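Reader: I have not looked at this protein before. Please take me through it in short questions and answers.

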Amino acid sequence: MYDMEWEYLQDKYTFDEYIEFANIKPLNADTMESMVVTKTNIAPNESAFVYVDVVFRGPTGVRSVAKDTHLFYYHRNRWVRPIAGARYLQLEYEHIQQSADSAAEAEAKLEGK
């Protein structure tokens, strides 16, 4: 799950810190057997809704199916599904990075004169 998070969150928190988040720590997928994609709505290179049937196997061996919808984003040339991070914080992070890169380029040009 950590690998599916936004870059800003991975830069700010280690994996060990991440798994202690209140919305991550209680997750337990031990009984999940499979996920079957039943439908997708994709905006190319932007976002996608992925509709799935999640198949669980209980302690007695009985299977059950839960329908779920996941929102994925296209980020760093791949599809990710952040759970703890927020897209607007990633966009702010990218803006800060771009501003810093522009300032560094301008400074390098001044030093090069």
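Author: The model is a predicted one.

Reader: Which order do the elements follow from the N terminus on?

Author: The protein contains three helices and four strands. Read from the N terminus, the order of these elements is α-α-β-β-β-β-α.

Reader: What percentage of the residues is buried?

Author: A residue counts as buried when its relative accessible area is under 20%. Among the 113 residues of the protein, the buried part is 23%.

Reader: Which residue in β2 is the bridge partner of Ala43?

Author: Strand β1 covers residues 32-43 and strand β2 residues 47-57, and the two run antiparallel, joined by ten bridges. Within this pairing, Val36 stands opposite Asp53. For Ala43, the bridge partner in β2 is Ser47.

Reader: Is Ser47 buried or exposed?

Author: Ser47 belongs to strand β2. Apart from neighbours within four places in sequence, its contacts are Asn41, Ile42, Leu71, Phe72, Tyr73 and Trp79. Because its relative accessibility is 16%, Ser47 counts as buried.

Reader: Which residue takes a positive phi in the hairpin of β1 and β2?

Author: This hairpin has three residues between its strands. The positive phi there is near 55°, and the residue that takes it is Asn45.

Reader: Which residue in the turn between β2 and β3 has a positive phi?

Author: β2 and β3 pair in the antiparallel sense, with eleven bridges. In that pairing, Phe56 has Ser64 as its bridge partner in β3. The two strands form a hairpin with five residues between them, and the turn residue with a positive phi, about 95°, is Gly61.

Reader: Which residues does Glu33 contact, leaving aside its neighbours within four places in sequence?

Author: Glu33 lies in strand β1. Its relative accessible area is 34%, so Glu33 is partly exposed. Leaving aside neighbours within four places in sequence, the residues in contact with Glu33 are Val55, Phe56, Arg57 and Arg63.

Reader: How many Å separate Glu33 and Ala100, C-alpha to C-alpha?

Author: In sequence, Glu33 and Ala100 are 67 residues apart. In space, their C-alpha to C-alpha separation is 45 Å.

Reader: What kind of aromatic pair do Trp6 and Tyr73 form?

Author: The structure holds six aromatic pairs. For Trp6 and Tyr73 the ring centres are 5.1 Å apart and the planes make an angle of 45°. Planes under 30 degrees apart would count as stacked and those over 60 as edge-to-face, so this pair is tilted.

Reader: How many residues apart are Trp6 and Tyr73, and where do they lie?

Author: At 3% relative accessibility Trp6 counts as buried, and at 16% Tyr73 also counts as buried. Trp6 is in the segment before α1 (7-12), while Tyr73 is in strand β3 (residues 63-75).

Reader: Which ring does the charged end of Lys39 sit over?

Author: The charged end of Lys39 is 5.5 Å from the centre of the ring in question. That ring belongs to Tyr51.

Reader: Which residues form one aromatic cluster?

Author: The cluster is made of tyrosines and phenylalanines. Its members are Tyr2, Tyr13, Phe15, Tyr18 and Phe21.

Reader: Is Asn77 buried or exposed?

Author: Arg76 is found in the loop between β3 and β4 (78-80), and Asn77 has its place in the loop between β3 and β4 as well. Neither is a glycine, yet phi is positive in Arg76, about 55°, and in Asn77, about 65°. Arg76, at 39% relative accessibility, counts as partly exposed. With a relative accessible area of 68%, Asn77 is exposed.

Methods:
Residues numbered from 1 in each chain as written. Predicted model: local features only at pLDDT ≥ 70, side-chain atom pairs only at ≥ 80, totals over all residues. Heavy atoms only, no water. Phe/Tyr/Trp six-rings, centres within 6.5 Å; stacked < 30°, edge-to-face > 60°. Buried < 20%, exposed > 50% of the residue type's maximum accessible area, 1.4 Å probe, protein only. Lys NZ or Arg CZ within 6 Å of the ring centre and 35° of its normal. Pairing = 2+ DSSP bridges. Contact = heavy atoms within 4.5 Å.
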